[in-house]
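Dear colleague,

Please find below the structure that I am handing over to you. My notes on what was found in it follow directly after.

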Amino acid sequence: MADSPQTAPKMVTIQVDGRPVTVPDGTMVIRAALDHGAPVPYFCYHPALKPAGLCRMCLVEVEGMPKLQASCTTPVSEGMKIHTASPRVQQARQDVLEFYLLNHPLDCPICDKAGECQLQDYTFAYARQKSRFRDGEKRRYNYEDLGPKLYRDMDRCVHCLRCVRFCEEIVGDDNLSVFQRGNHTDISIFGSPVVNEYAINIAELCPVGALVSKDFLFKARVWHLKKTETICTSCATGCNVYMESKDQVVQRITPRINKEVNDHWICDFGRTNYPYINSDRRIQEASVWEDGSEIVCETSTAVERVIDRLARAAKERIGLIITPDATNEELFEFRRLAEKVLGTPHIAYGLVAPEEGKLDFLRSRDRYPNSAGVRRIAGGSGYGFNGLKIVEMAERGELDALVLVYPSSVLKSPNGAELLSRLTLAAAKVDDSIVIDYLRSAVSDSARIVVPGLAHAEKNGTMDNANGVTQKIRRAIHPSPGRMSEQEIFVGLTNAIIEKRPEVSKSSLVNKS
């Protein structure tokens, strides 16, 4: 039976501050106003959460209605005339803000939310210039540890309940609850700490500094951060994110809205999976083994040694393994080098097939970011994901040269520690074992030639997520001087080996598919 055609939404025409606009029937007034350039302040409203109408900051005037209306809970109707900046509305905003500021502490100089705080912005934009508050004590709460990821400073809370609503509506976790009422309202944990896999989104949602992430606490001021639009490479979902850095050090990762991929959210693992970029686990220098000892050298020198080893090895005794940590551009150049220049059939794109399916609404079981890219670009090439065949050849002494790209990432596979151990022993058995990677591992320690690579934060490229969507990764920080990207290394190897192997025709390198 054929699918019935989708009915187009009914459209209505309304006026926003005297300008006619057309929106789908049922759209909330706040959305219609914001989408058409009318600034409406809000605390409790969020496009991914159900309307709540708690904060009263979004009040607007609707002709024909005697009272101001909460725009986040008022749907549009045909012919509605809305005023977002009338004298009544401006007076209401001043009054609401005055109540919020009665109890809000002057913590801006020490608050992590300073610079991206909605209350701070609205106070400058809409509040009275002089406070009428003279006497009395502001309310005081104890600073509370909500678990391994969050702190709560209830003194700053504006009772928008975004945090509680997020846990209930998005995560399905109800251990963050509301206690008491009115001015005594307290938001705290109910029984157990907040430990769900999306907890740091709560700090992101908080419009003020009442909930803060332990990961970012006191690390940097947000106006000092450089924001780079990129994607998360911690699993196959490919969430859209901002990678935020200061002085060439990544300070935090925050979500970037893409309703087709990750909506407004990212998981906590992807959000906090960046310390390795600037850690001592990085391979900082190239090295080669000569006369039984390791010699540190320039990257270009190590690449020349790789060229020499691969150019003189018989093609049937060369094995190459890359993992789905690679970008599409790297996969293309790797395949071209292996198949059309070296001519070896012993190529693989991982040791075992990646897992499939999802852990929850966002996280993928496949921890590699580009398994779909492997299937698209290298489908039918070599042994596919079954790199254990090449490992077995190395174990039997059937290889003279073994090139391993991103071997440290095999830990992402099921039984990753066992696979890494086996790969280490295989690399030790091959005379010319070559590692190209950005993280040190037991495999790189046992290799004869080590060429430092670049982390995903240090290069540009594309990857395919689990749904086949091709997305860009962008350089957030610059690599150390003299470093080459893996793509540049593969291109350099291809060009140099062609010069050493005249039997390889340059015309054969043209992609004719």
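Helices (H or I, at least four residues) and strands (E, at least two) are DSSP runs, numbered from the N terminus. This is a predicted model, in which local features need pLDDT of at least 70 and side-chain atom pairs count only at pLDDT 80 or more, while totals for chains, interfaces and linings use all residues. Residues are numbered from 1 along each chain as its sequence is written, and side-chain values use heavy atoms, with hydrogens and water left out.

Overall picture

The protein chain contains 13 helices and 22 strands. Its C-alpha atoms fill a box of roughly 85 × 55 × 40 Å along the principal axes. Of its 513 residues, 53% are buried; buried means under 20% relative accessible area, exposed over 50%, and partly exposed in between (1.4 Å probe, protein chains only). A contact means heavy atoms within 4.5 Å. Among contacts between residues at least 6 apart in sequence, 66% join residues at least 24 apart.

Strands and sheets

Two strands pair if DSSP finds at least two bridges between them. In general, strands of a sheet pair through backbone hydrogen bonds, either parallel or antiparallel.

An antiparallel pair is formed by strand E8 (residues 176-179) and strand E9 (residues 186-189), joined by four bridges. Val178 is bridged to Ile187 in E9. E8 and E9 form a hairpin with six residues between them, and Gln180 in the turn has a positive phi of about 65°.

Cysteines

How many disulfides are there? A disulfide is a pair of cysteine sulfur atoms within 2.5 Å, and by this rule the count is zero. Cys44 is in no disulfide, as the nearest cysteine sulfur, that of Cys55, is 3.8 Å away. Cys44 is buried, with 0% relative accessibility. For Cys167, the closest cysteine sulfur is in Cys163, at 7.0 Å, which is too far for a bond. Cys167 is likewise buried, at 0% relative accessibility.

Yours sincerely
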